Amino acid sequence: MSLPPLEIVLYAGAVSLLIIGLAGLVMSEHLVRLVLALGVAEAGGNLLLVLTGFRQGAVAPILLGAAPSGPMVDPIPQALVLTAIVIGVGVQALALALVLRVRRAYGTVHMSALRARLVEDLDEAAGLPPEGSREAPGVERPV
Amino acid sequence: MRNFTSLLFAGGLGFFLLVLAADLPLGAPPMLAGQGVLAEGAAATGAANLVTAVVLAYRGIDTLGELSILFAAAAGVGLVLGRARRRPDAEADPEGGFILLAAADLLFPLLVIVGLYIVLHGHLTPGGGFQGGVVLAAAFFLPLLGRPRNALDHAVIGWIEGLAGAVFVGIGLWALAARGEFLAPLLGKGTLGALFSAGTLPLLYIAVGLKVGAEIAGLMSTLQETEAAGS
Amino acid sequence: MTADAVTLAVALPLLAGFLSPALGRSSRTAAQWLGWAALAASAAVLWSVWVRLDGGTAAVAVGGFRPPLGIAFYLDGMALLFALAVPVVTLLFWPRAGTPQQFALTLVLAAAATGLALSGDIFNLYVFYELTAVASFGLVAAHEARRAQAAALRYLLLSAAGSVLLLAGIAVVYLRTGTLNLAHLATLAPERLQDPVGLAAFALMLLGLGVKAELFPVNGWVPEVYSSVSGRLAGLLAGLVSKLAVLVVVRALVLVFPRPEAAELMLVLGTLGIVVGELAAWRARDLRRQFAFSSIGQLGIVFVAFSVPGPAGIVAGLAVALHHLLTKPALFLLAERWGGAIEGLRGAGRGQWLASTLFILFALSLVGVPPLPGFWAKLLTVMSLMEQGTGPARAGAVVVMAATVVEAAYLFRTLGVLLARESGAESPQPHRGPDLATASLAGLILVGSVFALRPLGDGLKALAAQAVDVDGYVRTVLGGPGMAVSHPASQAPGGAGGGARVAHVPPEIAS
């Protein structure tokens, strides 16, 4: 049995990471897991990006000493992925800080609980009665 | 329901992207801009590492934006955790064991040297300000793991990141004044592959290294101080 | 001053932002003045460049590396108009009570938003987009109330997921074309992106950019964030940042993906946004969330308008976007004054005549009552949609008109409550400092524009003609048609070191 070409394997890996991360973002309930899923998705995106510069049998784009022996890979995606990685680090650090703060303020690390509490908080801040009394008399409805 | 549709979307997207593979020139990219950089990058910037040429010269403003993102994230973390940090009277984590303490002491000078080396050789070899900056941050953060009672001085960190960022923008403005183009490379290009070559690029990478180091160290130490005050 | 100086508009706010926290440790006032000075300088630079360009276009090769190798800024009327709006609006909505860190984040936000308006390179746009995102997460989370942190976290997760999609879209585009420059992409798109792969890349980028642009279905953060933060920040995000994200989408649509399917995708998502946003606004029981949902609806109209190909769609989209940029921030300021549940506001507007008059004015214009500008913006949208004449476009026009009815229903209901004769249990007094000066300014501009409809319309038409001129864009950035298709490596670098700047610059700029 022959293996599929290297670039297809790499591409499939990158796309799989991307999808696993996105699925994790959708399905996870725990806030830290959500941040981890984000990390996985970002890793997939970054791999996809750096893969765009991949060339079969090419060397790193660094000119040292003699003239390069073979073709070199595209340097631009490597620079792009450096940028994307740093962006990802910043976003994840901020996300973790927010998770810490939210856990302390709400005492929960579960997304659905957090969403419910957030809506309650918003209603309370607006001086609204709880959701249940939406259709109560006194709430004017336009004709 | 929401889960289901989103999953369907994620799965569909994955399937679609995998099917696309047949239509994408994987392994033999068109490289229209890439070939241009490979052909003229060394002559235009004097950097032997063409990735550095792209990061600091061709796409210098991307790097400025990237530094700003790290800066904004660090400032955001400071704002989010600012009021939640350790009270002075709170009990600190216990001091680390012998292994951690000894390793921190031994590794500190090594990490500083390696970090500086990576920063300074960014235009010649793989590495640069971002990678070296992270190593520098680790050097300063590692002792904190051993001795949680000590803390990094956030005022000093603030000045380092502020001034390093200002130096990066300042070099850009200098180019605007001298050449009429923001962030254009200045100074002599030197011999390809020499330490003192590639004009202002190594200076930019030093600024990047200091800024990244200060920001990552500040980020981690803020998180650690919060940890100590937690629950 | 040459056009190159336009990079100062991005660099100076960043410089001030970097220094602001360190400086603020010793003097908060100094940090504040530094920020104001940087924004004023940024506005002055943009203004002088606009005056010097005098209706022409120019490209700036940042760092002196000619596109498509380096990053290019593209300056036309549309870019400069939105870029100029950034420092002005940021100054008006400056977080006066904030800390030096908040000043820094606001400055970074302004720099990134300016970059979004000017940049002509998709990855550079991604960087600036992420920068606006991270800066706005920090600004949202800086609020004391815990709901702001929860809203910021949910916003961050959604936005970061969108960014991954955007990045994947960019990767696909780069893999197909081998370039990131919008002008170069415009020359390559007809042969390399006119297939399902290109459409998929556009869809991915649209979803990614749509998070900030409040596009359906990635706008869940909007009501949560806007009702947790101060009116100033909500105004800044709803008014300015969303428009710049839309601007990026429009550039991508016009230059890189000029396909009917891409426009149709925008039309459908925009229409759904209108329906969802306006219905939710109708159901909303408090002022802030009503405005937040109405913002989703308005942005939906913007997307629907921009989906019409050709200058007519651009004119309509710009009109709706600018009108929303003017009214919604002012409405958020008024909402901060009254705040809270709509039912609790019974009679609150009586006795506050200036605020009530402004509210009536903005509400009427938002609904689209002639002769206020909102009417003309909606009229342009509906007319351009009807002229296009395809089934989905007609349906979009019908939805826009139906949305007007819904908007009228809920805004007039709110108005009725505000001005009701009988007072509620306890009439809520404005509990925060009156912020009427900015809102009054917006009101004056709104009324003033009624008397300048013709010049405004002509101006928008000129902007739109420039914006859809793909050949002009390519010529300006790459310095001649056909050149980009040839191999970039075959053109030897000219000039000293950095490569030649091939940007076309009108003679009066070069002097």
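**Ground rules**

I number residues from 1 along each chain as its sequence is written, and chains are lettered from A and ligands numbered from 1 in the order in which they are written. Since the model is predicted, local features need pLDDT of at least 70, side-chain atom pairs count only at pLDDT 80 or more, and totals for chains, interfaces and linings use all residues, while side-chain values use heavy atoms, with hydrogens and water left out.

**Entry 1: chain C as a whole**

I started with confidence, given as pLDDT (the predictor's confidence in each residue, from 0 to 100). Chain C has a mean pLDDT of 83, and 91% of its residues reach 70 or more. I then asked where in chain C confidence is lowest and where it is highest. I noted that the pLDDT is below 50 over residues 480-511 of chain C. Beyond near neighbours in sequence, that stretch still has 63 contacts in the model; contact means heavy atoms within 4.5 Å.

Next I looked up the make-up of chain C: 20 helices and 2 strands. Helices (H or I, at least four residues) and strands (E, at least two) are DSSP runs, numbered from the N terminus. Of the 511 residues in chain C, 68% are buried. Buried means under 20% relative accessible area, exposed means over 50%, and partly exposed is in between (1.4 Å probe, protein chains only). Taking contacts in chain C between residues at least 6 apart in sequence, I found that 80% join residues at least 24 apart.

**Entry 2: two residues inside chain C**

I picked Q32(C), which sits in helix α2 (residues 28-53) of chain C. Is Q32(C) buried or exposed? Its relative accessibility is 11%, so Q32(C) counts as buried. Leaving out residues up to four places away in sequence, Q32(C) touches W94(C), R96(C) and F103(C). With W94(C) there is a side-chain to side-chain polar contact of 3.4 Å. A polar contact is a pair of N or O atoms within 3.5 Å; within protein, one must be able to donate a hydrogen and the other to accept it, and residues adjacent in sequence count only if both atoms are side-chain atoms.

My other pick was T476(C), in helix α19 (residues 470-478) of chain C. T476(C) counts as buried because its relative accessibility is 4%. A polar atom of the T476(C) side chain lies 2.6 Å from the backbone oxygen of G472(C).

The size of an interface is often given as the accessible area lost when the parts come together. Chain B and chain C bury about 5,100 Å² between them, with 75% of it on carbon and sulfur atoms. Buried area is the accessible area (1.4 Å probe) that two parts lose on being put together, summed over both. In chain B, L32(B), I61(B) and L79(B) lose the most area to chain C, together 14% of what that side buries. The contact involves 60 residues from chain B and 70 residues from chain C.

How many salt bridges cross this interface of chain B and chain C? The rule finds 2, a salt bridge being a side-chain nitrogen of Lys or Arg within 4 Å of a carboxyl oxygen of Asp or Glu. R59(B) forms a salt bridge with D121(C), with the closest N and O atoms 2.6 Å apart. On the side of chain B that touches chain C, α4(B) gives the largest share, 14 residues.

I also checked α3(B), which is largely enclosed by the rest of the structure because 9 of its 9 residues are buried. N49(B) caps the N-terminal end of α3(B), with a side-chain oxygen 3.0 Å from the backbone nitrogen of V51(B).

**Entry 3: where chain A meets chain C**

Here 49 residues of chain A are in contact with 42 residues of chain C. The area buried between these two chains is about 4,300 Å², and carbon and sulfur atoms give 72% of it. I found 3 salt bridges across the interface of chain A and chain C. D123(A) forms a salt bridge with R289(C), the closest N and O atoms being 2.5 Å apart. I also counted 5 residue pairs in polar contact between chain A and chain C (both at pLDDT 80 or more).
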